[in-house]
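This report describes a structural model, moving from strand pairing to packing, backbone geometry and confidence. The sequence and coordinates are shown below.

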Amino acid sequence: MDKNMDKNMDKNMDELLPDERSVKLMAAPITSTPVLKGKDLVNLIKDLNKPDKNKDRRQKALKALQIVTKG
Amino acid sequence: MFYCEDEFEDILQAVVLVPYSLGYKLRDFNCGIDDYNQFLINDAQYYVEQNISQIKLLIHKQSADVIAYIALSSDSFLLDKEEKIKENIDIPINSIPALKIGKLAVNSRYKDRPYGSFMLWLALGILEQINETGVGCRFLVVDADITQNPKTPGFYKKNGFDYNEKENKHRTRAISMRYDVFQG
């Protein structure tokens with residue numbers, strides 16, 4: 001991979017100098033989800049153990065998806 | 001509850017959701033952020049071909065304009081073994097499945113209605129479809145990009161998302177957030 005391209009992979013197009021834009025082939029990559037630590041991890045596990053109170057809303061969203069989907 | 005959810009039924013009548021294809025008016029799409037416009041033109045095809053993301057386009061039925069797009073991928077919260085011991089977390093799970101919103105953008109000409117929130121609603125529908133297909137998935141996750149707009153996390157917050165990192169904040173370019181599909 002071109003050195004400049006590698007260097008610019010994490011930058012958005014707007015952040016590049018005009019001459020750098022020509023070597024940037026891709027938009028900013030999708031950011032990875034962090035590995036949670038400490039209290040953040042504890043909060044995630046707390047959420048995980050909560051009961052399902054949202055089934056109706058998910059079903060409504062699924063029906064909407066089926067109505068609107070083509071192809 | 002999603003933001004302006006009462007408008008979603010009206011929006012439903014005026015739009016279709018289609019898989020990414022070069023046949024749509026992609027070059028007319030302008031969300032006001034060059035990087036997201038370029039993604040649609042230059043990168044999206046590669047992501048789809050490599051099964052990195054599936055990209056859906058929201059198309060206006062009458063004008064055929066691309067109103068919005070969303071890039072979705074499978075993801076998971078990895079539970080670090082040492083961290084589990086340290087926090088005294090005793091569950092036999094090493095990762096929690098999620099559906100990742102990798103990119104979401106709305107055409108600037110269509111800011112008059114809550115199309116971004118509508119796309120999140122459809123993402124919830126896709127997650128439910130995944131579960132009904134037989135693959136477990138619990139959270140919607142996103143890394144809200146703050147490089148272009150510091151208000152992006154606020155958009156997700158008003159749509160029911162919560163911050164993943166309240167204590168350990170070391171990111172400067174994106175804020176990781178989740179939507180618990182059991183809580184809404």
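B:Pro19 stands opposite B:Lys56, a residue of β2(B). The strands concerned, β1 (residues 15-19) and β2 (residues 54-60) of chain B, run antiparallel and are joined by 5 bridges. Two strands count as paired if DSSP finds at least two bridges between them. β1(B) is mostly covered, with 4 of its 5 residues buried; buried denotes under 20% relative accessible area, exposed over 50% and partly exposed the range in between, with a 1.4 Å probe and protein chains only.

This is a predicted model, in which local features need pLDDT of at least 70 and side-chain atom pairs count only at pLDDT 80 or more, whereas totals for chains, interfaces and linings use all residues; side-chain values use heavy atoms, with hydrogens and water left out. Residues are numbered from 1 along each chain as its sequence is written, and chains are lettered from A and ligands numbered from 1 in the order in which they are written. Helices (H or I, at least four residues) and strands (E, at least two) are DSSP runs numbered from the N terminus.

**The sheet of chain B**

Chain B holds an open sheet of 7 strands in the order β1-β2-β3-β4-β5-β7-β6, with mixed pairing. Its edge strands are β1 and β6 (162-163), each of which pairs on one side only. Strands of a sheet pair through backbone hydrogen bonds, either parallel or antiparallel.

| Strand pair | Sense | Bridges | Residues opposite each other |
|---|---|---|---|
| β1(B) and β2(B) | antiparallel | 5 bridges | B:Pro19 and B:Lys56 |
| β4(B) and β5(B) | parallel | 4 bridges | B:Lys100 and B:Val141 |

Is β5(B) mostly covered or mostly uncovered? It is mostly covered, 7 of its 7 residues being buried. In a regular strand the side chains alternate between the two faces of the sheet. On one side of β5(B) lie B:Phe139, B:Val141, B:Asp143 and B:Asp145, and on the other B:Leu140, B:Val142 and B:Ala144, all of them buried.

Contact means heavy atoms within 4.5 Å.

B:Val106 lies in strand β4 of chain B and is buried, with a relative accessible area of 11%. Setting aside residues up to four places away in sequence, its contacts include B:Phe29, B:Ile67, B:Ala68 and B:Tyr115.

Helix α4 (residues 115-133) of chain B has 19 residues and reaches 26 Å from its first C-alpha to its last, close to the 27 Å expected at 1.5 Å a residue; the expected span is 1.5 Å times one less than the number of residues. Of the 19 residues of α4(B), 14 are buried. Just after this helix, B:Gly134 takes a positive phi of about 115 degrees.

Most residues other than glycine have a negative phi. B:Cys4, in the segment before α1 (8-14) of chain B, has a positive phi of about 55 degrees and is partly exposed at 23% relative accessible area. B:Asn88 has a positive phi near 60 degrees; this residue is found in the loop between α3 (81-86) and β4 (95-106) of chain B and counts as exposed at 70% relative accessibility.

**Chain A and its confidence**

Chain A has 4 helices and 0 strands. Of its 71 residues, 38% count as buried. The mean pLDDT (the predictor's confidence in each residue, from 0 to 100) of chain A is 79, and 63% of its residues reach 70 or more. Within chain A, confidence is lowest in helix α1 (residues 3-8), at a mean of 50, and highest in helix α4 (residues 55-68), at 97. Over residues 1-5 of chain A, pLDDT stays under 50, and the model has 4 contacts beyond four places in sequence for them.
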